[in-house]
Amino acid sequence: MRKLLAGWGWTMVVLVFGVAGGQGAEFTVHQEGEKVTVKIDGELFAEYWAATKLQPALGPIVWPIIGPTGKPMTRAYPMADQEGERKDHPHHRSMWFN
């Protein structure tokens, strides 16, 4: 997991842990292949995708990102299809860094 979370990924984990830990919430991180799932109190918060198989030129992404009310803060396309959502900008994959 250390290799997948290299660079800014550890910053995200520390930031989330600091926010969740300060409020007594349970913070968990689980790696499955090239994806790391972050949960707070058992509820999905975000997934970090290494994205090497999806589109290596874009680098890693964080998708989805779930807000405090349980609603997604990021759009689904192009990672998933969602009714009523425009299918434009396929290179915009949620939150990404390069």
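Let's start with Glu47: this residue is buried, with a relative accessible area of 11%. Buried means under 20% relative accessible area, exposed over 50%, and partly exposed in between, with a 1.4 Å probe and protein chains only.

Some ground rules. This is a predicted model: local features need pLDDT of at least 70, side-chain atom pairs count only at pLDDT 80 or more, and totals for chains, interfaces and linings use all residues. Residues are numbered from 1 along each chain as its sequence is written, and side-chain values use heavy atoms, with hydrogens and water left out.

Back to Glu47. Its side chain meets that of Lys35 in a salt bridge, at 3.7 Å from N to O. The term requires a side-chain nitrogen of Lys or Arg within 4 Å of a carboxyl oxygen of Asp or Glu. Lys35 lies in strand S2 (residues 35–40) and Glu47 in strand S3, so the pair ties together parts that are twelve residues apart in sequence. Strands here are DSSP runs of E, at least two residues, numbered from the N terminus. Lys35 is partly exposed, at 22%.

How many salt bridges does the structure hold? Four. One of them joins Asp88 and Arg75, with the closest N and O atoms 3.0 Å apart. Both residues sit in the loop between S4 and S5, 13 residues apart. Asp88 counts as buried at 17% relative accessibility. Arg75 is partly exposed, at 33%.

Next, Lys87 and Asp81. Their side chains meet in a salt bridge at 3.8 Å, N to O. Lys87 is exposed at 53%, and Asp81 is exposed at 64%. Shared partners also join Arg75, Arg86 and Asp88 into one salt-bridge network.

Now the aromatics. A search of the whole structure finds one aromatic pair. Why is the pair called tilted? The rings of Trp49 and Trp63 have centres 6.4 Å apart and planes at 55 degrees, so the pair is tilted. The cut-offs: rings of Phe, Tyr and Trp (its six-membered ring) pair if their centres lie within 6.5 Å; planes under 30 degrees apart count as stacked, over 60 as edge-to-face, and the rest as tilted. Trp63 is buried, at 14%.

Last, Thr74. This residue is in the loop between strand S4 (61–65) and strand S5 (95–96). Leaving out residues up to four places away in sequence, Thr74 touches Trp63, Pro64, Ile65 and Ser94. Contact means heavy atoms within 4.5 Å. The Thr74 side chain also reaches the backbone nitrogen of Ile65 at 3.3 Å.

Terms used. Helix = DSSP H or I, 4+ residues; strand = E, 2+ residues; numbered from the N terminus. Polar contact = N/O pair within 3.5 Å; in protein donor to acceptor, adjacent residues only side chain to side chain.
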